[in-house]
Amino acid sequence: MDAASALDTDGECPHKLLQLFPVSYLNLQDLHIDQPASRERITDDALLNLANRAQGNLRTLSLVKCSRITDDGLKRVLERNPGLIKLNIPGCTGLTVEGVLKCLKNLKTRNTPSGGIKQLRVGERYDVQEIHFEELKSLIGEDNCTQRSNVIKPRFYGQRYFQPCGDDDCAMDIEVCPRCQFFRMVYDCPAESCQGKKLEPQSCKACRFCISRCHQCGRCINDVELEETFRLEPVCSDCRNQCVIKIKDPNLTGIPSVELYRT
């Protein structure tokens, strides 16, 4: 289903929203919203209007940096889509951990055929406590929360590895950081020099608060290698030496921004 047919319905969303909320991908089972023009303006009501086009058949809901979505908005969408099994909400600052937990509990107690959410992505949240983490594991299913040490596919930081929805076998994208012991996203290092022997954990495997990582390639970097872009994003010496210049217009304003790694 395209965005136009999804939004222009029953007068609930004005036609001008066709330009405001282009979605990355939408069909009868999957809804992904991650484009700047969409995520910066979409509200609870607009999200519900989009989700209603699935007629209760949504299986995947992915909201990336949709800061105007609240706990109540998420609750209404989940109530109308009992078969939802994948929920991706990184950067949704309007959502609280307690609100997400309540939504998952409500869905779980309805005894739907799907059994509730099976895969959850919360992204770089820093307010998840142990009690939240354990409850999330319980709601998603203990059997699905396999330790990532047993999952073959590693997780790398950096924009070249970014995927709107997790494609690994993990039920959640957060875990206990080996260094700080907080519940955060933990990253592996793609650098060959950091690759340990088989079954041997990497010494630099940690959250990005404990280990500084290159924004481009995701490898760990030390103070000697550290460079910064005009956006103060850290890059390693290898990426810097590639002299990469990127011109982009993230807000669709017609005024491009430039990222320069080396002058």
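This is a predicted model: local features need pLDDT of at least 70, side-chain atom pairs count only at pLDDT 80 or more; totals for chains, interfaces and linings use all residues.
Good morning. I begin with the overall composition. The protein has 263 residues, 48% of which count as buried. Its secondary structure comprises 8 helices and 11 strands. As for the contacts between residues at least 6 apart in sequence, 61% of them join residues at least 24 apart.

Let me turn to the helices, starting with α4, which spans residues 44-52. How many of the 9 residues of α4 are buried? The count is 7, so this helix is largely enclosed by the rest of the structure. The buried positions are D44, A46, L47, L48, N49, L50 and A51.

The next topic is a pair of helix contacts that share α6. On one side is α5, residues 71-80, and its axis lies 9 Å from that of α6, residues 97-109, at an angle of about 15°. Because angles under 35 degrees count as roughly parallel, α5 is described as roughly parallel to α6. Their crossing is right-handed. From α5, the residues in contact are D71, L74, K75 and L78; from α6, they are G99, V100, C103, N106 and L107.

An α-helix has 3.6 residues a turn, so residues three or four places apart point the same way.

The other partner of α6 is α7, residues 130-140. Here the axes are 10 Å apart and the angle is about 25°. That angle makes α6 roughly parallel to α7 as well. Which hand does the crossing of α6 and α7 have? The crossing is left-handed, whereas that of α5 and α6 is right-handed. On the α6 side, V97, E98, L101, L104, K105 and K108 take part, and they meet H132, E135, L136 and L139 of α7. The residues of this contact divide into 5 nonpolar, 1 polar and 4 charged.

I now come to the cysteines. The number of disulfides in the model is 0. Taken from the side of C220, the nearest cysteine sulfur is that of C194, and C220 is in no disulfide. Are these two cysteines buried or exposed? C194 is buried, at 19% relative accessible area, and C220 is also buried, at 14%. The limit for that class is 20%.

Most residues other than glycine have a negative phi. Q55, however, has a positive phi, near 55°. This residue lies in the loop between α4 and β3, and its relative accessibility of 67% makes Q55 exposed. K65 likewise has a positive phi, in this case near 60°. Where is K65 found? K65 sits in the loop between β3 and α5. With a relative accessible area of 48%, K65 is classed as partly exposed.

That concludes the presentation. Thank you.

Note on methods. Residues are numbered from 1 along each chain as its sequence is written. Side-chain values use heavy atoms; hydrogens and water are left out. Axes are lines fitted to C-alpha atoms, for helices over the stretch in contact, and angles run from 0 to 180 degrees between N-to-C directions. Helices (H or I, at least four residues) and strands (E, at least two) are DSSP runs, numbered from the N terminus. Angles under 35 degrees count as roughly parallel, over 145 as roughly antiparallel, 65 to 115 as roughly perpendicular and the rest as oblique. A crossing is left-handed if the near helix is turned anticlockwise from the far one by less than a right angle, and right-handed if clockwise. Contact means heavy atoms within 4.5 Å. Ala, Val, Leu, Ile, Met, Phe, Trp, Tyr, Cys and Pro count as nonpolar, Asp, Glu, Lys and Arg as charged, and the others, Gly among them, as polar. A disulfide is a pair of cysteine sulfur atoms within 2.5 Å. Buried means under 20% relative accessible area, exposed over 50%, partly exposed in between (1.4 Å probe, protein chains only).
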